Amino acid sequence: MHTPPEPSASAPHPRAAELAVECLKGVDALIGDWLETVAPLRAHYAGAVPDDDFRETAVMAFELLLRTVAELPVPAELAAVSERIGERRARQGVPLDSLLAAARLDFRVVWDALVARADDEDKVLLVASAYHVWEAVEAHVTGIMTAYQRTVLEMGRQREDERRLWFDRLLETGGHNPTVVRDVGLALGFLPAARFLCAAALPGPGTGGGLHGAAAALRSAGAQLQRQTVSSASLLVVQLGPRVTEETVLGRLEGVPCGVSAAVDGLAGVPRAVELAVATVRATGAEATGPVRLADAWLDVLAARAGHFASHLADDVLGGLRSAGVPAAERERLLETVRAHLAGSGSIAETARALYCHRNTVQQRFARFHELTGRDIRRPEDAALLALALRAREDAAG
């Protein structure tokens, strides 16, 4: 008597395959059982997936599973159904956990269908094939999950690309087009009439990453924001409100070398805030160890933006100090006195205290400085010009 060979450990028992073929002929009945089984799970996303779509993909999924168990050829279109389901449900906004839970219920429905068609002897043989049925279901679930996650990432990148394009559009129009401002607000989730703060960092260790960390922390705190790269500078634009204030943003930027604009009223003012934040970090970034506010850096910004005129300004305003017969020690003493006066409140007495000398000495130095340069630091116009010239001179020397 010829004894049939034992089935391979890597394949279902031949009888299980035969039962799968029988189930395949009655797949519509399986779909009805499955729809009833997954009804509680589907309730979470029933509105997102039309009934026809739900049933159609279920039929294809069960045909794939039963053909796999029966070791029948699987057409290419059918072989890709797991990935198609994952991608489609991701785009429909179906929760991944609900989707995978529903897909894993396929095992129960297929197994019950196989058992229902088996006699007592077949049921014994089916036990040995349970792993293969489960393996087919898990392969299907894995395909769904992989495609779902890939699609979510792609959708996220697309959304970020769209946000960047809208923000670029806002910068291009300078905030002067009300329609663009409105559309940008809708695309980025910004309120057009809100207040905004912009921080800018230059490429370098701890800068871009620092802005990323600050953005993550602010987003967790409920802030609406946009990260962008403009002219090699990394930007962080934050919408301010009761829960996210200027102090909140500056606190999150602690230790991040960056320039911070003044807060601006309205989304239309953001392009100006971006320009000023970038100008601030370009003027102070080399020395900064944390956030530098525009209000504290105007002299640096103006000197940097003056370009080659800055050196002309320094030469014109301070050139008299290089006159013949002026010793280097005297020149530095005069400059030290002017710097101390500019750094203080403008009081001669305060300047004298800062330099540990008599007020008459300070006045004599001011007179000598006026004689050499033609500029009187006690005149507001000259004081402002001297402050800018000294900053330009320091930047050139640095």
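Modeller: A term to start with: two strands pair if DSSP finds at least two bridges between them. Strands (E, at least two residues) and helices (H or I, at least four) are DSSP runs, numbered from the N terminus. Keep in mind that this is a predicted model, where local features need pLDDT of at least 70, side-chain atom pairs count only at pLDDT 80 or more, and totals for chains, interfaces and linings use all residues. Residues are numbered from 1 along each chain as its sequence is written, and side-chain values use heavy atoms, with hydrogens and water left out.

Biologist: What do β2 and β3 form?
Modeller: A hairpin, with two residues between them. In the turn, Ser-231 has a positive phi of about 50°.

Biologist: How many bridges join β2 to β3?
Modeller: Six, and the two strands run antiparallel. β2 covers residues 225–230. Leu-225 has Val-238 as its bridge partner in β3.

Biologist: And how many bridges between β1 and β3?
Modeller: Seven, also in the antiparallel sense. β1 spans residues 195–201. There, Ala-199 is bridged to Leu-236 of β3.

Biologist: How many residues of β3 are buried?
Modeller: Eight of its eight, residues 233–240. Buried means under 20% relative accessible area, exposed over 50%, and partly exposed in between (1.4 Å probe, protein chains only). Ala-233, Leu-235, Val-237 and Gln-239 point one way, while Ser-234, Leu-236, Val-238 and Leu-240 point the other way.

Biologist: How many aromatic pairs?
Modeller: Six. Rings of Phe, Tyr and Trp (its six-membered ring) pair if their centres lie within 6.5 Å; planes under 30 degrees apart are stacked, over 60 edge-to-face, the rest tilted. Phe-107 and Trp-134 form an edge-to-face pair, 5.1 Å centre to centre with 85° between the planes.

Biologist: Where do those two residues lie?
Modeller: Phe-107 is in helix α6 (residues 96–116) and Trp-134 in helix α7 (residues 120–173), so the pair ties together parts 27 residues apart in sequence. Trp-134 is partly exposed, at 35% relative accessible area.

Biologist: Which residues do ring pairs link into a cluster?
Modeller: Trp-34, Tyr-45, Phe-54 and Phe-62.
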